[in-house]
Amino acid sequence: MVDKTSVPRKEIKSSGQMKKIMSDYFYELDGAAKNKSRKIAWCTSVGPAELLRAMGFLVYFPENHGAMLGASRVATDLIPVANAIGYSPDICSYLTSDVGSYLKKQTPLSRAYPGIDSVPRPDVLVYNTNQCRDVKDWMAWFGREFKAPCIGIETHRGVGEVTAAHVKSIAEQTKALIPALEKVSGRKYDESEMKTVMALSKECSVLWRKVLETSSAVPAPLSFFDSTIQMGPAVVLRGTRQAVDYYKSLLAELEERVKNKEGAVEGEKIRLYWDGMPVWGKLRPMSELFTGLKTCVVASTYCSSWVFDAFDPAEPFESMARAYIELFIVRSDEYKEKYIENMIRKYKVHGLIFHDAKTCPNNTNSRYGMPQRLQERLGIPYIIIPGDLNDLRCYSEEQTKTAIEAFIEQLNNI
Ligand code: SF4
């Protein structure tokens, strides 16, 4: 059983710096929206943020707001508001809670950042369907609401090998966004700006990868639950100097932990891999549960989704196209299984957790036999946790706790 009294939470010292740059980011957006001093683009989390930044937009990510709605545990009450206007409880609960939040005029930004009372009004909304169709519908809803243009990229899905034809198609679609963006921004596209942003984004990506890879050490200095918070700048500030500076400092702190054999979980015994979305409203109790079981969730598909190896400032559009189509979520099951196999080896993982998120089939990989195939081929034990990213009505804390405790006991006995 878990002894809660012996669950020390290891704070990451760099987090103070992260809170400051995240706060600056939101206040800058809010100021620009209020004073109309800069144009604002809404962008999907793995959309063409680099192009938007290079064209002078401040970039806001509704999925980041969705995660905040989940983490602050207000999402479950807001989802029915979107259901009432025709958006099903079965579709993405980021979408439904975000639309509900807008309609109810409630945002966790107000509590976190006094003086901000709403999300920043978009001048343009830009999507990439590489992750799912939900993001397009989500952006389209807000586009109608704010009477702002909604434009985007349609990406292939279930991609095995990424071919030149895939890359060409996405690069051309990305370039085709430029005239509409120039019209909104009132500014011409400038290749040198694009290369500068791409170079910063690449640096951010390289550092974020190194941060995550510190957890291949035993004990792991960073857990999945830490990474879901630490990934904020990689999502919303990639392409900026602030994100690069932050990850340099975080990486130095984690390398120091590795050197001192200081684990994120005191007395780490079991190492797990997390596949699928986080359960945002339960990060802390889950983290404490695993810590109490001397178990560290050392790596995840989710947090690795902001590693863009292909970025190359010399070929901004082609490399961005490749990076955004090479993503795990876009790929075939064969590719995904190979990817997870590599992660198991690299991070010395004892078992797999698959989160079956009710409203996100796109980021759920346990419904077509993948855990069973991996177990058969690699002898790796797994557990499937039914739940959701934001809708806590789909998640049973007691059942999950019992299942996880039994799973860890099983792993301890192997
Ligand atoms: S991938 Fe899942 S969680 Fe993310 S926007 Fe799409 S449906 Fe929502």
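Four strands build an open sheet in the order β6-β5-β7-β8, with parallel pairing. The model is a predicted one. Its chain divides into domain 1 (15–190) and domain 2 (194–412). A ligand lies between them, because both domains give residues to the shell around the ligand.

**The sheet**

- The edge positions belong to β6 (295–300) and β8 (382–387). Each has a single partner strand, so one side of each is left without a neighbour in the sheet.
- From one strand to the next, the twist averages 30 degrees.
- Helix α18 (residues 397–412) packs on this sheet and touches β5, β6, β7 and β8. The direction of α18 makes about 170 degrees with that of β8.
- Strands β5 (residues 270–275) and β7 (residues 351–357) run parallel and are joined by 4 bridges.
- Trp274 has Ile353 as its bridge partner in β7.

**The two domains**

- The centres of domain 1 and domain 2 are 22 Å apart, taken over C-alpha atoms.
- Across the boundary, 47 residues of domain 1 are in contact with 43 residues of domain 2.
- On the side of domain 1 that touches domain 2, six helices are named as each supplying at least two residues: α1 (15–35), α2 (49–54), α3 (62–71), α4 (75–83), α5 (93–103) and α8 (164–175).
- That side of domain 1 holds 24 nonpolar, 16 polar and 7 charged residues.

**The ligand shell**

- Residues around the ligand include Glu63, Cys92, Tyr94, Gln131, Cys132, Asp134 and Val135.
- Also among them are Met277, Cys360, Asn362, Asn363 and Leu389.
- By class, the shell has 7 nonpolar, 3 polar and 2 charged residues.

**Helix α14**

- In α14 (residues 283–292), the buried residues are Met286, Ser287, Leu289, Phe290 and Thr291.
- These buried residues pack against α11 (224–230), β6 and α18.
- An α-helix has 3.6 residues a turn, so residues three or four places apart point the same way.
- Just after α14 comes Lys294, with a positive phi of about 55 degrees.

- Arg53 lies in helix α2. Arg53 has 24 C-beta neighbours inside 10 Å, so it counts as buried.
- Leaving out residues up to four places away in sequence, Arg53 touches Val59, Val197 and Gly239.
- Arg53 and Ile40 are separated by 13 residues in sequence and by 9.7 Å in space, C-alpha to C-alpha.
- Arg241 has its place in helix α13 (residues 241–259). Arg241 has 11 C-beta neighbours inside 10 Å, so it counts as exposed.
- Between Arg241 and Glu11 there are 24 Å in space, C-alpha to C-alpha, and the two are 230 residues apart in sequence.

Note on methods. Residues are numbered from 1 along each chain as its sequence is written. This is a predicted model: local features need pLDDT of at least 70, side-chain atom pairs count only at pLDDT 80 or more; totals for chains, interfaces and linings use all residues. Domain bounds come from an automatic or database domain assignment. Two residues are in contact if their C-beta atoms, placed from the backbone, lie within 7 Å. Ala, Val, Leu, Ile, Met, Phe, Trp, Tyr, Cys and Pro count as nonpolar, Asp, Glu, Lys and Arg as charged, and the others, Gly among them, as polar. A residue is near a molecule or strand if its C-beta atom, placed from the backbone, lies within 6 Å of it. Two strands pair if DSSP finds at least two bridges between them. Axes are lines fitted to C-alpha atoms, for helices over the stretch in contact, and angles run from 0 to 180 degrees between N-to-C directions. A residue is buried if 20 or more other C-beta atoms lie within 10 Å of its own, exposed if 12 or fewer, and partly exposed in between; C-beta atoms are placed from the backbone.
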